[in-house]
Amino acid sequence: MTIDWKQAAADHRDAYLSDLKDLIAIQSVRDDSQKTADAPLGPGPATALQAFLKLAERDGFETTNLDNLAGFVEVGSGDETVAILAHVDVMPAGEGWDTDPFTLTLKDGNAYGRGTSDDKGPALACYYGLKILKEQGVKLNKKIRFILGTDEESGWAGMTHYFKTHPEPTMGFSPDAEFPIINGEKGNVSFTLTMAGENDGDYTLTSFNAGLRENMVPRDAHAVVETSDNEALVSDFTSFLDNQPVTGDVTTDGDGVHLHVIGKAAHGMEPKNGINAGTYLARFLRQYGFGADAKAFLNLLGDQLHDDSRVTKLGLAYTDDIMGELTMNVGVMAFDAEKGGHIVLNFRYPKGIGSDDIQATFAEVAKLNHFELEKGREMVPHYVSPDDPIVTTLMSTYQELTGDTAAEPEVVGGGTYGRLMKRGVAFGALFAHTPDTMHQVNEFQPVDDLLTAMAIYGRSIEALSNELAD
């Protein structure tokens with residue numbers, strides 16, 4: 001049986017968008033402050049997982065829920081398992097949206113909402129490819145396991161739970177990146193610098209906050225400053241905004257001067273695509289007479305870490321011929337005069353340099369500033385040969401459905417579930433012609449792109465199950 005995949009995707013447009021609407025409405029941001037025994041990562045991720053599995057049960061698939069941390073849909077049979085690894089959690093919405101981030105909005109051919117691009121839209125498109133195969137009665141000669149994680153954006157506890165309790169699949173892909181295919185991912189590690197909240201200067205930094213997650217360029221930064229001349233600080237800040245690629249606002253009250261900088265959010269794997277509001281605000285404030293920890297905090301952010309995603313100022317710049325450059329995202333910045341502060345830095349590094357090199361450099365930074373340094377979770381670089389059948393088969397189906405024969409496999413700084421398998425890759429659903437709005441305000445994906453991805457995914461599952469020759 002030959003399936004007209006583009007027509008099949010078009011025929012499922014309305015049903016797909018209806019299901020996507022329901023998924024987007026679930027605010028599936030990890031929130032440990034609300035965790036329970038039944039919702040170990042907070043209610044949102046658990047609800048989204050349950051909703052996705054119910055869709056599959058509606059369509060006649062067998063499903064398994066693993067403690068509301070992960071779940072899977074299974075079909076087909078055979079000694080080998082092809083896994084599809086997707087996630088139902090989303091990044092915090094943040095400020096600045098033109099539409100409700102948790103209401104699917106269709107406008108000018110685009111689907112807007114948190115998760116339309118990362119990863120509910122692509123995950124559901126891939127699921128619909130599997131659904132079409134089932135409806136068409138296509139026999140699958142490998143076991144297909146569609147696995148859903150619940151915290152890809154913040155820790156991977158869900159997928160870690162899956163791999164602790166189930167064997168590694170033979171091969172697979174994650175529909176959580178871009179086309180044509182990602183066969184290599186840089187290493188990923190975060191470090192946290194912590195400090196006390198001492199202030200002993202003429203100016204007092206009461207509070208400073210920027211960033212929602214370490215893997216997201218902060219769009220907004222807020223600070224409250226106490227000074228003997230509020231009017232001068234307000235005037236200086238207004239002039240600063242006039243000459244920088246950021247906007248903002250400033251007010252005064254009994255607590256002091258409230259400063260707000262607005263930059264541009266972006267995925268932390270490429271900080272150059274964003275404008276870091278936090279380091280810009282620190283750069284403005286560092287010129288004033290702050291003291292002790294407040295001074296060190298602002299100087300580090302506003303000087304050595306500002307606008308230097310390649311870590312050139314600290315001597316960590318490094319490039320690998322295959323995997324590209326080391327990058328740094330200053331993801332979270334917080335300071336409180338009473339509670340202390342912290343800075344969370346996220347690094348994407350290629351083979352040839354390791355986390356020990358990064359740690360050595362920032363251990364010296366911490367020592368000079370009387371900060372503490374703590375290493376977070378790490379994922380080492382991952383690479384699958386372009387000649388591996390998983391890569392060649394997926395490239396072939398992408399080319400078959402798009403006609404793009406010039407495309408080549410890519411290595412990126414993003415981290416996807418694909419790296420959890422030795423023969424795992426990331427595969428779509430972002431096309432080269434579409435802006436990347438993952439982790440940004442006004443996240444969107446063109447509806448036609450999602451339908452094309454649906455066709456590519458369905459054809460790819462068919463090929464991996466029935467045509468792949470190892």
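Guide: Strand 8 (177–178), strand 10 (187–195), strand 20 (340–349) and strand 21 (372–379) each supply at least two residues of the lining of the largest pocket, where strands (E, at least two residues) and helices (H or I, at least four) are DSSP runs numbered from the N terminus. This is a predicted model, in which local features need pLDDT of at least 70 and side-chain atom pairs count only at pLDDT 80 or more, while totals for chains, interfaces and linings use all residues. Residues are numbered from 1 along each chain as its sequence is written, and side-chain values use heavy atoms, with hydrogens and water left out.

Strand 21 gives the largest share of that lining, five residues. The space in the largest pocket is about 550 Å³, and of the 33 residues that line it, Glu152, Glu153, Asn188, Asn215 and Arg348 are the closest to its centre. A pocket here is an open set of points on a 1 Å grid over the protein atoms alone, with protein on both sides within 12 Å along at least five of seven lines; a cavity is a set of points where a 1.4 Å probe fits but cannot get out, and lining residues have an atom within 4 Å of a point. Points are joined across faces, edges and corners, and a volume is the space filled by probe spheres set on them. By class, the lining of the largest pocket divides into nine nonpolar, 12 polar and 12 charged residues, with Ala, Val, Leu, Ile, Met, Phe, Trp, Tyr, Cys and Pro counted as nonpolar, Asp, Glu, Lys and Arg as charged, and the others, Gly among them, as polar.

The second largest pocket holds about 280 Å³ and is lined by 18 residues, of which Pro271, Gly274, Asp307, Asp308 and Ser309 lie nearest its centre. Helix 7 (277–285) and strand 19 (327–336) each supply at least two residues of this lining, and the largest share, three residues, comes from strand 19. Eight residues of the lining of the second largest pocket are nonpolar, six polar and four charged.
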